[in-house]
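Dear colleague,

I am handing over the structure below, and I would be grateful if you kept it open while you read the notes that follow.

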Amino acid sequence: RILNLSSGDGELVFLNSALQAEMRAVHTPRQLVRLLSRVSPPREEFGPSPAHGPTPAYSVSKAALNALTRVIVDQHPTLVHNDVWLGAACPGDV
């Protein structure tokens with residue numbers, strides 16, 4: 001079993017709208033890495049604050065973890081049939 005610990009701050013709603021759309025369109029790990037390289041300084045293609053709230057980098061990283069989880073499951077649908085479980089969960093406030 002593989003469980004990626006996510007966060008409510010990783011919801012796409014916390015990203016700016018352009019980044020939300022691109023994060024939804026990611027279908028491979030390589031696309032995700034390329035997208036993240038465009039978010040990071042010095043490029044800042046999505047502006048100095050690609051996410052809303054006090055911790056934009058945290059929100060982007062958790063949204064990326066959620067996207068990676070989705071991509072891996074989409075690319076390897078037989079994992080579930082081979083007794084491998086992959087998912088993401090938000091533990092809530094701790």
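Pro48 counts as exposed because its relative accessibility is 75%, where exposed means over 50% relative accessible area, buried under 20%, and partly exposed in between, with a 1.4 Å probe and protein chains only. Please keep in mind that this is a predicted model, in which local features need pLDDT of at least 70 and side-chain atom pairs count only at pLDDT 80 or more, while totals for chains, interfaces and linings use all residues. Residues are numbered from 1 along each chain as its sequence is written, and side-chain values use heavy atoms, with hydrogens and water left out.

Pro48 sits in the loop between helix 2 and helix 3, where helices (H or I, at least four residues) and strands (E, at least two) are DSSP runs numbered from the N terminus. From C-alpha to C-alpha, Pro48 is 21 Å from Gln31, although the two are 17 residues apart in sequence.

Pro48 is also one of the residues that line the largest pocket, together with others including Leu36, Glu44 and Val60. A pocket here is an open set of points, on a 1 Å grid over the protein atoms alone, where a 1.4 Å probe fits, with protein on both sides within 12 Å along at least five of seven lines, and its lining residues have an atom within 4 Å of a point. The volume of this pocket, taken as the space filled by probe spheres set on the points, is about 160 Å³. Helix 2 (29–39) and helix 3 (56–75) are the elements that give two or more residues to this lining, and helix 3 gives the most, with four.

Helix 3 also holds Ser59, which counts as buried because its relative accessibility is 2%. Leaving aside neighbours within four places in sequence, Ser59 is in contact (heavy atoms within 4.5 Å) with Asp9, Gly10, Phe14, Leu15, Ala51 and His52. Among the other buried residues of helix 3 are Val60, Ala64 and Ala67, and what covers the buried residues of this helix includes strand 1 (2–5), helix 1 (17–24), helix 2 and strand 2 (86–89).

With neighbours within four places in sequence left aside, Leu32 is in contact with Met23, Val26, Ala64, Ala67 and Leu68.

With best wishes
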